Amino acid sequence: MPQSENPVDSSSSIPPVAEDFADWRVQMANLVDSPGALEARSGHAIQWSSHCDVAGRRFGMLVTPYYASLMKAPLEQDPIFKMCVPDARELTPASWLTADPLGEEPQSPVPGLVHRYRNRALILVTSRCAVHCRYCMRKRKTSEERPYELDLTRVCDYLREHPEVDDVILSGGDPLTLDDFVIETVLTAIRTVPSVRIVRIGTRVPVVLPMRITDALCSMLRRFHPLYINTHFNHPAELTSEARVACEKLADVGIPMGNQSVLLRGINDSVDVLAALCSGLLAMRVRPYYLHQCDLVEGVEHFRVSTAKGMDLVAALRCRLGGLAVPVFAVDLPGSDCKIPLQQPYVTAQTDCATVLRNKNGVDLRYPEPRELS
Ligand SMILES: *Cc1c(COP(=O)(O)O)cnc(C)c1O
Ligand code: SF4
């Protein structure tokens, strides 16, 4: 645990250092939770509108001191600032944006468990996060006031009754904001269900609170293989040396690292930014997994990018980067039993004899089909 790594002797007459930001608990105890507090911490004056405070009250604001320290002036143009500081545009009414855009609540047979895809289930282990991302599709949970309760026994009973679920994803909220012993309790319980083969953790902690990835956490996690972690970097400005150390520590205990980004207007909707992000991630041993089209959640209209533009961006990445660096661009919609990839049509004609494929220069290439079919 971090405390034993950074011992603070409370019995000493010298008061402990008030802000040892190398300790993740100190970060969590000093979250920046209002635009005014951010202004005070950053020392930069910001042009606030009164609506910005209203948006902050409506959807909550939280930023770790570490993540806030990555913001650069002029703040209003900084990608990290835009991802976590309330904006008046969040209050723009749009009838197509809802609190639960994927219809998770009706597909939650047990509190804290979401079962939308046949062989996979999400366990929302906490509603807490280290940062409130403005575009979060689960902000109905993360801005919940009441204490979050997870009935692990009922969750595991459900998994036992549903042996078709062989892949369980710990999500939330952010599972890695929990203490080691809580994470260990959850993983131990899940590992008593024999039908669960793969366990994944979805977390933004390596991005926004990298000092949370302690040696103690890593040596605990490695006992639960096959364990995968999908993290959530959106911009190359997040690829700091601290984040690199966090990801490498997890990779070093054998956890394959993936990344799920969200395509966000004004933040990462350019080929240069996405290419720097994806190649930088690969160099940190984090494989770009998904680029998500924004879910239709309240407050995101100003972040949305057209699907056509997203498809062009990913097609350009495929030409520019090695295949390992290219994520799948996908959209999730209620009523679908998996995420749906969005891709430019490469196949222009398909018969029993041959398939015609169009490359990026518009050249059609012919691939003959196996003879037995014709
Ligand atoms: C995204 C998601 C998963 C995991 O999907 P993969 O494509 O396997 O990564 C599982 N369940 C739900 C409800 C999801 O939204
Ligand atoms: S860390 Fe994840 S769950 Fe938490 S606010 Fe950001 S996107 Fe939402």
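A salt bridge is a side-chain nitrogen of Lys or Arg within 4 Å of a carboxyl oxygen of Asp or Glu. One such pair here is R244 with E248, where the closest N and O atoms are 3.2 Å apart. Keep in mind that you're looking at a predicted model.

**Where domain 1 meets domain 2**

- On the domain 1 side, 30 residues are in contact with 35 residues of domain 2.
- The size of an interface is often given as the accessible area lost when the parts come together.
- For domain 1 and domain 2, the buried area is about 2600 Å², and carbon and sulfur atoms give 62% of it.
- Within domain 1, the residues that lose the most area to domain 2 are W24, Y66 and M83, which together make up 30% of what that side buries.

**Polar links and make-up of that interface**

- The rule finds 3 salt bridges across the interface of domain 1 and domain 2.
- Polar contacts turn up there too, with 11 residue pairs counted between domain 1 and domain 2 (both at pLDDT 80 or more).
- Which elements give two or more residues to the domain 1 side that touches domain 2? They are helix 2 (24-29), helix 4 (50-59), helix 5 (65-69) and helix 6 (79-84).
- Helix 6 supplies the largest share of that side, with 5 residues.
- Sorted by class, the side of domain 1 that touches domain 2 has 19 nonpolar, 4 polar and 7 charged residues.

**Salt bridges to look up in the structure**

- The structure holds 23 salt bridges.
- One of them joins the side chains of R140 and E104, at 2.8 Å from N to O.
- R140 sits in helix 7 (residues 139-142) and E104 in the loop between helix 6 and strand 1 (113-117), so this pair ties together parts that are 36 residues apart in sequence.
- Are R140 and E104 buried or exposed? Both of them are buried.
- Back to the pair from the opening: R244 and E248 both lie in helix 12 (residues 241-252), 4 residues apart, which is about one turn of the helix.
- R244 has a relative accessible area of 35%, so this residue counts as partly exposed.
- E248 is partly exposed as well, with a relative accessible area of 23%.
- D179 and R25 also meet through their side chains in a salt bridge, at 3.1 Å from N to O.

**A link between distant parts, and a network**

- K309 forms a salt bridge with D269, and their closest N and O atoms are 3.4 Å apart.
- This pair links distant parts of the chain, 40 residues apart: K309 is in helix 14 (residues 307-320), while D269 is in the loop between strand 6 (257-262) and helix 13 (271-283).
- K309 is partly exposed, with a relative accessible area of 36%, whereas D269 is buried, with 15%.
- Some salt bridges share partners, and in that way D100, E104, E105, R138, R140 and K141 are joined into one network.

- You'll find A130 in the loop between strand 2 (120-124) and helix 7.
- A130 has a relative accessible area of 2%; buried means under 20%, so A130 counts as buried.
- Which residues is A130 in contact with, leaving aside its neighbours within four places in sequence? They are M28, L31, L62, V63, T64, T177, V208 and L209.
- T203 is in the loop between strand 4 (198-202) and helix 10 (205-208).
- T203 is buried too, at 4% relative accessibility.
- The side chains of T203 and D174 are joined by a polar contact of 2.7 Å.
- Leaving aside neighbours within four places in sequence, the residues in contact with T203 include D174, L176 and I229, and N230, T231 and H232 are also among them.
- How far apart are the C-alpha atoms of A130 and T203? They are separated by 10.0 Å, although the two residues are 73 residues apart along the chain.

Notes
Residues numbered from 1 in each chain as written. Chains lettered and ligands numbered in written order. Predicted model: local features only at pLDDT ≥ 70, side-chain atom pairs only at ≥ 80, totals over all residues. Heavy atoms only, no water. Contact = heavy atoms within 4.5 Å. Buried area = accessible area lost by both parts, 1.4 Å probe. Polar contact = N/O pair within 3.5 Å; in protein donor to acceptor, adjacent residues only side chain to side chain. Nonpolar A, V, L, I, M, F, W, Y, C, P; charged D, E, K, R; others polar. Buried < 20%, exposed > 50% of the residue type's maximum accessible area, 1.4 Å probe, protein only.
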